[in-house]
Amino acid sequence: MAIFEVFLKKDGRDEFRHVGALDAANDELALVSARECYVRRAEGDLLWVVRRDNILSPEREFTAPNADKPHRHHSGEAVAARRKALREMTKAQPDE
Amino acid sequence: MNEISIAARDVILAFVDDEHLMGQQHTEWIGVAPFLEEDLAFASIGQDELGHAAMLLEALVGTDDADIDALAFYREASQWRSCALVEVTLPEWSDTLLRHWLYDAAEELRWQLFQGSSVQLLADISVRALSEERFHRQHGDALLDVLLRVDDAHDRIMASLHKVLPLALTMFDGAPSEADALVEGVISGSLISLLGDWQQRVDHRFGPVDWEQIVRPVLSQRKERHDDFAPLLARMLEVLDLDRTVTW
């Protein structure tokens with residue numbers, strides 16, 4: 001048995017969305033099960049079923065450093081907030 | 001609705017009752033099948049069969065739920081036209097899988113009998129049902145493709161095949177007015193006329209069956225019920241009987 005991830009898309013401009021996973025013995029059974037388990041009430045018009053093993057998924061550290069890069073946010077609010085915080089920290093410690 | 005003759009009603013009821021009970025049997029696997037995906041799949045396929053029964057019932061009595069319930073649930077046992085295959089309780093999963101495959105292999109042929117029906121509504125319903133049945137057969141075949149390649153599973157499947165085959169032959173028992181319905185053009189052939197095609201499908205799927213060795217069931221033109229019918233119907237009525245006036 002292998003684990004498969006299931007994605008559905010409604011016709012139109014919506015993107016494919018992940019709706020769940022399932023266990024199946026092979027590709028055909030994965031498709032058949034996905035149809036009966038996730039699309040039986042016409043929840044989507046298009047179906048993707050992907051073997052979880054085929055999804056490239058790096059360790060968390062691969063993306064973690066990007067959590068603290070406010071200069072990449074185009075609104076400027078995050079940068080302004082950070083500059084303000086630095087100024088206040090400097091005021092609070094004038095001798096250093 | 002008055003275009004449905006008495007003979008037509010009889011052959012339609014034979015299909016209604018088979019679809020209704022087959023749907024019920026499949027949905028009873030919800031929560032107890034060997035794994036989650038399969039209990040959902042069986043229940044989902046069962047709901048398709050219930051949908052087919054509902055469409056045929058509407059053809060007989062219109063869309064009033066009370067009338068549909070009266071016909072679908074509250075006939076005397078002798079007035080039902082189901083076959084033993086769909087009435088019997090099969091607690092073993094492998095037996096149930098075999099029933100699913102054997103029933104659906106015949107169901108496609110049975111809908112084809114309605115395709116050119118003199119009752120246009122039946123022809124229309126058959127188109128809809130056949131489009132769904134394709135996926136029921138794919139489900140059964142995909143499972144069997146995997147299981148028949150594993151020694152232990154293969155042996156269990158073949159044992160179940162020979163256990164269920166005598167019951168499956170009851171599918172080809174025609175309702176009392178079948179001959180009249182045939183003359184009226186409601187159906188294009190009798191149920192027994194499908195037997196040869198169905199046996200070929202079975203042979204092709206499981207390897208040649210020695211049909212002479214398969215015990216022939218006693219047929220009653222669908223007027224007699226299997227012992228498991230009464231408890232099955234009691235389970236089906238458990239909620240409805242609480243209050244028949246409630247609109248769900």
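Trainee: At what angle do helix 2 and helix 6 of chain B pack?

Mentor: Axes are lines fitted to C-alpha atoms, for helices over the stretch in contact, and angles run from 0 to 180 degrees between N-to-C directions. Helix 2 (residues 36-61) and helix 6 (residues 120-147) of chain B pack at about 170°, with axes 11 Å apart. Angles over 145 degrees count as roughly antiparallel, so these two helices of chain B are roughly antiparallel to each other. This is a predicted model: local features need pLDDT of at least 70, side-chain atom pairs count only at pLDDT 80 or more, and totals for chains, interfaces and linings use all residues. Residues are numbered from 1 along each chain as its sequence is written, and chains are lettered from A in the order in which they are written.

Trainee: Which residues of helix 2 of chain B meet helix 6 of chain B?

Mentor: Two residues are in contact if their C-beta atoms, placed from the backbone, lie within 7 Å. On helix 2 of chain B they include B:Ala41, B:Ile45 and B:His52, and they meet residues of helix 6 of chain B, among them B:Leu121, B:Ile125 and B:His136.

Trainee: Which residues have the most contacts inside the largest nonpolar core?

Mentor: In soluble globular proteins, nonpolar side chains tend to be buried together. Here the largest nonpolar core has 45 residues, and those with the most contacts inside it include A:Leu22, B:Leu85 and B:Val164. A core is a set of buried Ala, Val, Leu, Ile, Met, Phe, Trp, Tyr and Cys residues joined through C-beta atoms within 7 Å; buried means 20 or more other C-beta atoms within 10 Å of a residue's own. Helix 5 (residues 93-114) of chain B gives the largest share of this core, seven residues.

Terms used:
Helices (H or I, at least four residues) and strands (E, at least two) are DSSP runs, numbered from the N terminus. Angles under 35 degrees count as roughly parallel, over 145 as roughly antiparallel, 65 to 115 as roughly perpendicular and the rest as oblique. A residue is buried if 20 or more other C-beta atoms lie within 10 Å of its own, exposed if 12 or fewer, and partly exposed in between; C-beta atoms are placed from the backbone.
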